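Work through the exercises below on how two chains meet. Try each task before reading its solution.

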Amino acid sequence: MRKLLFISVLLALVLTPAAFSATTTSVTLAVGAEASITVGASTALTGAGSFGSYTGSTAFTYKIRTTPTTGTGSVTVQVTTDFSGVGGPSVATPPTAGDALTYACVASGTSSPTVCSGPVTALTTAATSVLTVGADKHSTLAGDTGTVNWTLTNDPKYKVGSYTATVTFTVAAA
Amino acid sequence: MKKSLLLFALLALALSPAAFAASTTSVTVAVGAEASISVGAATPLTEAGNFANYTGTTTFTYQIRTTPSTGTGSVSVKVTTDFAPTGGPSVASPAAGDSLTYSCTATGTSTPTACTGPITALTTAATNVLNVGADKHSTLAGDSGTVIWTLTNDPNYKVGSYTSVVTFTVAAA
């Protein structure tokens, strides 16, 4: 009798299958309109000589996602710190009427940007448009690209020296 | 005569011993390798802005008992329902560079070995979260672990809300 019981217990253990158990969870996320932008640290403006205007290009990369139907997106620039130093160029108060920092725009990518039609005069008092995108637009994962091509009047009145301004690029999405 | 007979009967009853009987039975139990797991109902993925990746953490509790010498145990995950609706992220057919990945933590008396992420989650196969060895035992309340999710924040996702279902499976042998 005891032997039989022992055998039956052994058999029960041998027949015990590997045990499994499973449960589920939901992984959820809310994707919203969003934008980011990167731009190089500095852009040098150079002159071609003979008082040709100073020119230079700032390349930027932006990521954007806009809302279907009603969404919009944009990239703008504003001179947030005017050229430093006395006697040089100035965006806020140009030394001579007609002096200006202007720009033209180039951009491309899956967000189908509409670029500014330059020349656009840069301002310290307001942001000015570089590009716009429409509803339900999406850049690539790496980002779409653009360029702002700057032109600064080469006024003989500028004192010899080095001058620096700060330009803020802003991208917005809704 | 009748009185004597009654007296004799009463005496006989008084002298009878109390009656007892005893028997035994065996209580047996077959303890096998076994496992169970519980996980929260939902895990929201959130992001810090500026196209930072979406991240979130799923906490789970598992009970496990593995066979001495030869036993093993594991917890795995599988995306059993891909993100819906369409237009958002996808585990089964992601855009180039997109993925849902995870890393793992786990602790307890079953001395789990947690995955070293990032591991890409799949809809086609279960992927490992942790392993335990032979003769390992969680606490009665269960040992615990976390799966820390990271989802690419691709600008190509349409604005909206998306949900997928992930199945956690624990196995013991």
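**Exercise 1. How many salt bridges does the rule find across the interface of chain B and chain A, and which side chains meet?**

Solution. Apply the rule: a side-chain nitrogen of Lys or Arg within 4 Å of a carboxyl oxygen of Asp or Glu. The rule finds one salt bridge across this interface. B:Lys158 and A:Asp136 form it, at 2.4 Å from N to O.

This is a predicted model: local features need pLDDT of at least 70, side-chain atom pairs count only at pLDDT 80 or more, and totals for chains, interfaces and linings use all residues. Side-chain values use heavy atoms, without hydrogens and water.

**Exercise 2. Describe the contact by residues and by area.**

Solution. Start with contact (heavy atoms within 4.5 Å). Chain B gives 54 residues and chain A gives 36 residues. Next, take buried area: the accessible area (1.4 Å probe) that two parts lose on being put together, summed over both. Chains B and A bury about 3400 Å² between them. Carbon and sulfur atoms carry 58% of it. Then look at chain B: B:Phe51, B:Pro155 and B:Val159 supply 20% of the area that chain B buries against chain A, more than any other three residues.

**Exercise 3. Which strand of chain B is joined to strand E1 of chain A, and by how many bridges?**

Solution. Strands (E) are DSSP runs of at least two residues, numbered from the N terminus. Two strands pair if DSSP finds at least two bridges between them. Strand E1 (residues 19-31) of chain A is joined to E2(B) by four bridges. The two run parallel. A:Val27 stands opposite B:Thr43 in E2(B).

Technical notes. Residues numbered from 1 in each chain as written. Chains lettered and ligands numbered in written order.
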